[in-house]
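Good morning, colleagues. Please have the sequence and the structure open before you. I shall speak about aromatic contacts and then about pockets.

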Amino acid sequence: MARYGMVIDMRTCVGCQACMAACTTENQTPFWSDKFRTHVEDKEKGTYPDVHRILLPRLCMHCENTPCLSACPTGATYKTRDGIVLVNYDRCIGCYACCIACPYDARYPYESDDVTREKELYGKNVTHEVPHVDKCTFCEHRIAEHREPACVSTCPTQTRIFGDLDDPSSAVHKLATSGKATALNQGLGTSPKVFYIPS
Amino acid sequence: MTFVHQHVWGWQIATYLFLGGLGGATFSISAILHLFEGCDRKMLSVAVLSSIGFLVLGTVFLLADMLQPLKAAYALTNPNSWIFWGVVFINFYFLAAIVYVIPLLEEWPKLLPIIKKIPTGILSLLERFNRLAALGGSAAGFLITIYTGLLISAAPAISFWNTPALPLLFVFSGFSTGAAYLLLLSTISKKEGAWKISEKLEQLDAILIVSELIVLGAYFNFALFLPTGARESAEYLFHSPLFIIGFFIAGLLIPLAIETYGIFFAAHSTKSKSLLAFASALVLVGGYLLRFYVLNAGLYQYPW
Ligand code: SF4
Ligand code: SF4
């Protein structure tokens, strides 16, 4: 049993959005509707002349205390033994209670138009056969094959570090506990498993 | 920090919340009036039937907003979710309301042949449990009304919603729309017994509007003095003319003024009848606008 998590080193992100592209092809997410499982926020901070550009890649935080899971009436949202928060597409009724509850904008609807377009693009080889609410899975299908999530292995600057937070020898554990990394919106008590090293 | 309007729940869910509150409250008030005050049975049957209709219609709006409405039965899986409880309350309500309303339908001569087809054993059982169904249904109606607020208050990142003041506001507003709807029925009804109850209803509605104003004041007070998304939401509402004019002035203050006039100056004369009907209609429109605008004003507070 692992406790998977990610550290994002904002000091090295260059905003190339390769992670978004890798994710969308790996997981057939509806880029045609401008919906992604991971985004790179590109913000300005401060006022002239003291202005900084902030690049903040974001995704589902796979929270320990999971508001989306509590809000989901159908049990479609569930947590694996490894702490990954997933959606069972066949069980999801698309009520959006999870989207309202998620404090990190991590979910979006995979609508029937998106399913149709997906079939046009990918033929029989589709992964989203019915409309549902979609989110990042930490690429658990790749983890099962001992591969890293697509965004992690694609990132040219190694901004994303993935692994078992409970394994003291892992890079992700060392960075997450180094004192340099913090979680977003900690005050909400969600205990995210994605951490950020500020730029 | 960025504030982003939620676009997940729109007018369909606002309609669901409105009809849920209206239906639940209409039943609760009718059954309580019946039990403790006595009320014209014909008007009562119309009230209960329409409250069932409101909840059926509300449920249709909820289902229409879903991606997979045909799988809606799965919603009875997770008791930590408010939607789970909504489904439980609404179904319990339907059961109690149907048990309660069937004996009342005997008041309608045209429906008698249908009622007579029900075996007498069942009919007498329904009669026997009539008071219990009234009480159970009222409790379920109240729970549905408060649930409409609890559902949207379970949003940690939408601070305007994430407060116990919101369910309270929806309870007062829901009960006020229920009282207004019954008042409307009693002004339309030609029966003396139905008109008699309107005195109680206008007093009840006026009290509910005053309570709603107090909760509204506390709610906005909380929202405006916290440096969070709640303040942005409150400011957004202050700059929405239809919220101020349609809900606050036309949906609360004007009906309250009319009802106060009705209570103190018109001495329950029939000349205030059409004015009261007008006030009731305004309360109903205001109740819808409140839910529509509260949903619209939901702002996520994102940490980036
Ligand atoms: S980030 Fe959102 S979707 Fe992901 S686990 Fe947390 S609440 Fe759920
Ligand atoms: S949209 Fe799907 S995953 Fe989200 S709360 Fe509803 S049933 Fe659960």
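Across all chains of this predicted model, a search of the whole structure finds 26 aromatic pairs. A pair of aromatic rings is described by the distance of the centres and the angle of the planes.

Consider B:Trp11 and B:Phe61: their ring centres are 5.8 Å apart and their planes stand at 75°, so this pair is edge-to-face. Because B:Trp11 belongs to helix 1 of chain B and B:Phe61 to helix 2 of chain B, the pair ties together parts that are 50 residues apart in sequence. B:Trp11 itself is partly exposed, with 44% relative accessibility.

The rings of B:Tyr300 and B:Tyr302 are stacked, because their planes meet at 15°, with the centres 5.2 Å apart. Both B:Tyr300 and B:Tyr302 are buried.

Ring pairs also join a cluster in chain B, whose members include B:Phe18, B:Phe160, B:Tyr219 and B:Tyr293.

I turn now to the pockets. The largest pocket has a volume of about 510 Å³. Its lining comprises 25 residues, and A:Asp105, A:Arg107, A:Tyr108, A:Pro109 and B:Val8 lie nearest its centre. By class, that lining has 12 nonpolar, 5 polar and 8 charged residues.

The second largest pocket has a volume of about 340 Å³. Among the residues closest to its centre are A:Met10, A:Lys45 and B:Pro303. Strand 2 of chain A gives the most to this lining, with 4 residues.

Terms used:
Residues are numbered from 1 along each chain as its sequence is written. Chains are lettered from A and ligands numbered from 1 in the order in which they are written. This is a predicted model: local features need pLDDT of at least 70, side-chain atom pairs count only at pLDDT 80 or more; totals for chains, interfaces and linings use all residues. Side-chain values use heavy atoms; hydrogens and water are left out. On a 1 Å grid over the protein atoms alone, a cavity is a set of points where a 1.4 Å probe fits but cannot get out, and a pocket is an open set with protein on both sides within 12 Å along at least five of seven lines; lining residues have an atom within 4 Å of a point. Grid points are joined across faces, edges and corners, and a volume is the space filled by probe spheres set on the points. Ala, Val, Leu, Ile, Met, Phe, Trp, Tyr, Cys and Pro count as nonpolar, Asp, Glu, Lys and Arg as charged, and the others, Gly among them, as polar. Helices (H or I, at least four residues) and strands (E, at least two) are DSSP runs, numbered from the N terminus. Rings of Phe, Tyr and Trp (its six-membered ring) pair if their centres lie within 6.5 Å; planes under 30 degrees apart count as stacked, over 60 as edge-to-face and the rest as tilted. Buried means under 20% relative accessible area, exposed over 50%, partly exposed in between (1.4 Å probe, protein chains only).
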